[in-house]
Amino acid sequence: MIEVSLRVALDPPPGGAGLPGLVARLRREGIAERRIQVLSREPLPEFPPPPSSMSKLGILGALFGFSAAIGAIVAMTLGYRLHTGGMPLISPLPIGVITYEMTLLGSIIAMLLHLLLGARLGPGRRAVEHPELNFGEAIVCVACSDAEQAWQARQLLAALDPAR
Amino acid sequence: MSTVTVAVNEPPQAAAQTLMRPMLFTGKAYRRMSLLLLAVIGWGLFCFLYQAIVGLGVTGLRRPVFWGFFVTDFVFWIGISHAGTLISAILRLTNATWRYAVTRAAEAITVFALMIGGIFPIIHLGRPWLFFWLAPYPNERLIWPNFRSPLEWDFFAISTYITASSIYLFLPLLPDLALARDRTRGWRQRLYRFLAMSWRGTQQQWHRLELAIQLMAAVVIGIAVSVHTIVSWDFAMAVVPSWHSTIFGPYFVAGAIFSGIAALIIIMAILRRVYHLEAYLQPKHFSNLGKLLLTMTLLWGYFVVAEMITTWYGNLPDEMGTFWSKISGHFAPLFWAMVLCNFVIPFPLLAIKRLRTISGTVIASITITLGMWLERFLIVVPGAANQRLSFNSWFGYYPHWTEISLSLATLAAMALLYMIFSKIFPIISIWELGGGKHAAAAESGGQS
Amino acid sequence: MSQTDSKPAATPRWGMIIDLNACTGCSACAVACRAENNIAIAGAKEAAYNGTLQWMRIERTWTGSGRNFRVENRPVNCQQCDAAPCEPVCPVLATYTNAEGISVQVYNRCVGTRYCGLNCPYQGRFFNWFDYAWPSPMEVQLNPDVSRRTRGIMEKCSFCIQRILAAERQAELEKRALRERDIQPACAQSCPAEALRFGDLNNPGGAVGAAWDSSGLEVLLPEVGTRPKVRYARRVTPPDSRLAAAPTPTAEVEA
């Protein structure tokens, strides 16, 4: 896979409609949205975040942690029945304390997994790096499958370069 | 509504260079300091081995003061750990833009203070080599830990907290690690390439990262509050008269945030001096944190008064032993030193605007850190020393050299861990400073 | 001492009555306990620093002055609570109430958090601060039925569980019911004044079972709600000769 990129300064805003306008032009020229990436050193307010399922997954993770904790504690306590001298073997309040912690832990882990998978992050992955990227700049990348597509993309980006 | 500009004169490119300088160059003083700290840690290791081999009798602990310095240190360090995650999470959720320069330093305190604090329950065990019996792992005896024990709650709470706060420290580091990867060569680049986990800075990544940090900030506050509540329940769940108190949960949490902010101010002052970060850690930051600290001073004072006056008015004989031993008895010098350190000295320093300078807040923070250690000691030891049956009370406890050495060695370990961290990772969030400028321009500034 | 031989109930529940009127404070119980249970001798230096181990100890309290001066000798051991505060706080389940109502300490499991020791309102638990030595020839008198404890673990009165188990085994071998009189903890056996009586609370005809609910008995720190299985026969002060008109207090201690 080949990646074609264009480096633009954010200040002054590139093009008439800014960076989002540049991306929109690329899409009008027939480049699929998933092929276009905008790289930056800082989050860009020009691109508002789309709705995300992360909070829902966090709640799911919390539910998983909650039920896993209760299930494990009850199973372990019943697995080794202790003489408690008339005290209850399983008491809800102390279990609640540990369950609370496990609930929040489940939520955190679920959100972390959502982030790592959704943002394609992970220790084993390799990605094209752009060490030339600076603060106050952005890099518009277009992923291309072959040399011909790359040539077209390069032409297109050169035409759109605000610095030209 | 004053706007705090974060990086004054330097453009982000130059800022990145300044902030990465400690990661690239190491001075002679740093090496000397690390060697000194390593020596202290080595001495502490020796003390621990000596204590494990000879027995806990080498400490000053005896019946009924079964808990002393080690438990005090444990509660103290867990309290310090609230500096970070809790403060930075609150600042993030309230979107206080002056936070950019302090969050990373605070989050790192959390992780390391938790590591140090988490060691103490093990040091404190009679048979420390069997500490893993507290973990619920499958074993041939089919025996599990006791989920009804507050110490078991501690185990779960602290392991949850250390996991969550490590994640919470690491996520905002990702963009900076990618920057470090792109600006270094050789083994450093390989290290940062591994740590940055192929972060590119695509907008999808930014959106998810910012959302994850925001959501985790909310969850981490829930964890942090529960952790110190559970630590306080080690005492409050016991039937020891002065420990068995409903106020202990919030009292400990407030004390933890109190000592946490103090520790953060001290570390910020050291970083500012050592790494020449005057442009980033400005008097404004110290003043703002000083205001937070002032709030906590007042809250702490309120809790102490609430705790003491109800005990005194109730006049229950079981509790009055502990009360009078603090007010006018065996522990009175420590008690009044605590009041001096936690309230009398810091209050004017923080309340009077002219005194709320960098040196003013640092002095207040140092006395508060000492005072909060004393406060933990004065909860643990006088409670244990005053027993319901008068023939069981005993006031002979004093710390022996192993306890003092181990307390100092863990302090050295904390300092060394922090020094190493500040060498490998940018101690001030670079992308947030850049992003802060960008966002400030977009929405005409945040408020202090 | 009148002990009946009526058959105890299927599962015994062991308890002890300590008669404060009879106790002279001679400490024979403490010495016998030490010999029976291999309790370490920490030495003079440790004794001065509260570092001794005494499963059974005599606590003396002085009250009043002049003619009203009173000395009370109170033997204190583990009170074998039904609702023992020491038990739920142990993170590794090293202490629990066994089927016969004895709060037992599992030495092998104990990791030494010492939480149980703090949560015992009677301070009946002792920690092995060191590996204690039995200098020759003291090691010869070590009881082979009781394990020696290593450093770093808690220990406490077990109601001489080794004697209970031996008696139960013997009864099983002889295919007969357990006889209450066969079991005597070392402290009760050695008390010259017979101030300590041990027996099965489920046996209403037994020496302890019969007297268990009499009003002359008290427990230490009832307000903590521990429901101990050690009860004390209250000290009854003899009437002052100058107050002959005063009504004589009735002693309801002896059943």
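**Note on the predicted three-chain model**

1. The C-alpha centres of domain 1 and domain 2 of chain A lie 47 Å apart. The model is a predicted one, and the division of chain A behind that distance places residues 2–41 together with 133–160 in domain 1, and residues 54–118 in domain 2.

2. In chain A, helix 2 (residues 54–79) packs against helix 3 (residues 92–118) at an angle of about 140°, and their axes are 6 Å apart. The crossing of helix 2 of chain A and helix 3 of chain A is right-handed. On the side of helix 2 of chain A the contact includes A:Gly58, A:Gly61, A:Ala62, A:Gly65 and A:Ala69, while helix 3 of chain A contributes, among others, A:Thr99, A:Met102, A:Thr103, A:Gly106, A:Ser107 and A:His114.

3. Helix 5 of chain B brings to the contact residues including B:Arg104, B:Ile109, B:Phe112, B:Met115, B:Ile116 and B:Phe120, and helix 16 of chain B brings residues including B:Leu406, B:Ser407, B:Thr410, B:Met414, B:Leu417, B:Tyr418 and B:Phe421. By class, the residues of the contact are 15 nonpolar, 2 polar and 1 charged.

4. B:Glu375 deserves a separate look in the viewer. This residue is found in helix 15 (residues 358–385) of chain B, and B:Glu375 counts as buried because its relative accessibility is 2%, where the cut-off for buried is under 20%. Leaving aside neighbours within four places in sequence, B:Glu375 is in contact with B:Tyr251, B:Trp300, B:Met338 and B:Asn342. For one of these, B:Met338, the C-alpha atom is separated from that of B:Glu375 by 6.4 Å, although the two residues are 37 residues apart along the chain.

5. The bond from B:Arg63 to B:Pro64 is cis, with omega near 0°, and B:Pro64 has its place in the loop between helix 2 (28–54) and helix 3 (69–80) of chain B. The bond joining C:Ser136 and C:Pro137 is also cis, with omega about 5°, and C:Pro137 is found in the loop between strand 6 (125–127) and strand 7 (154–156) of chain C.

6. Chain C has 6 helices and 10 strands, and of its 255 residues 53% count as buried. Among the contacts in chain C with a separation of 6 or more, 66% are accounted for by residues 24 or more positions apart.

7. One sheet of chain C is open and has 4 strands in the order 8-1-10-9, with mixed pairing. Its edge strands are strand 8 (196–200) and strand 9 (217–218) of chain C, each of which pairs on one side only. Within the sheet, strand 1 (residues 14–19) and strand 10 (residues 230–233) of chain C pair in the parallel sense over 4 bridges, and C:Asp19 stands opposite C:Ala233 in strand 10 of chain C.

8. Strand 2 and strand 3 (residues 70–76) of chain C pair in the antiparallel sense over 7 bridges, and the bridge partner of C:Glu59 in strand 3 of chain C is C:Arg74. The hairpin of strand 2 and strand 3 of chain C has 6 residues between the strands, and in this hairpin C:Gly64 takes a positive phi near 70°.

9. C:Asn50, which is not a glycine, has a positive phi of about 60° and is found in the loop between helix 2 (44–48) and strand 2 (57–63) of chain C. C:Arg227 has a positive phi near 50° and has its place in the loop between strand 9 and strand 10 of chain C. C:Asn50 counts as partly exposed because its relative accessibility is 21%, and C:Arg227 counts as partly exposed because its relative accessibility is 49%.

Methods: Residues are numbered from 1 along each chain as its sequence is written. Chains are lettered from A and ligands numbered from 1 in the order in which they are written. This is a predicted model: local features need pLDDT of at least 70, side-chain atom pairs count only at pLDDT 80 or more; totals for chains, interfaces and linings use all residues. Side-chain values use heavy atoms; hydrogens and water are left out. Two strands pair if DSSP finds at least two bridges between them. Helices (H or I, at least four residues) and strands (E, at least two) are DSSP runs, numbered from the N terminus. Domain bounds come from an automatic or database domain assignment. Buried means under 20% relative accessible area, exposed over 50%, partly exposed in between (1.4 Å probe, protein chains only). Contact means heavy atoms within 4.5 Å. Ala, Val, Leu, Ile, Met, Phe, Trp, Tyr, Cys and Pro count as nonpolar, Asp, Glu, Lys and Arg as charged, and the others, Gly among them, as polar. Axes are lines fitted to C-alpha atoms, for helices over the stretch in contact, and angles run from 0 to 180 degrees between N-to-C directions. A crossing is left-handed if the near helix is turned anticlockwise from the far one by less than a right angle, and right-handed if clockwise.
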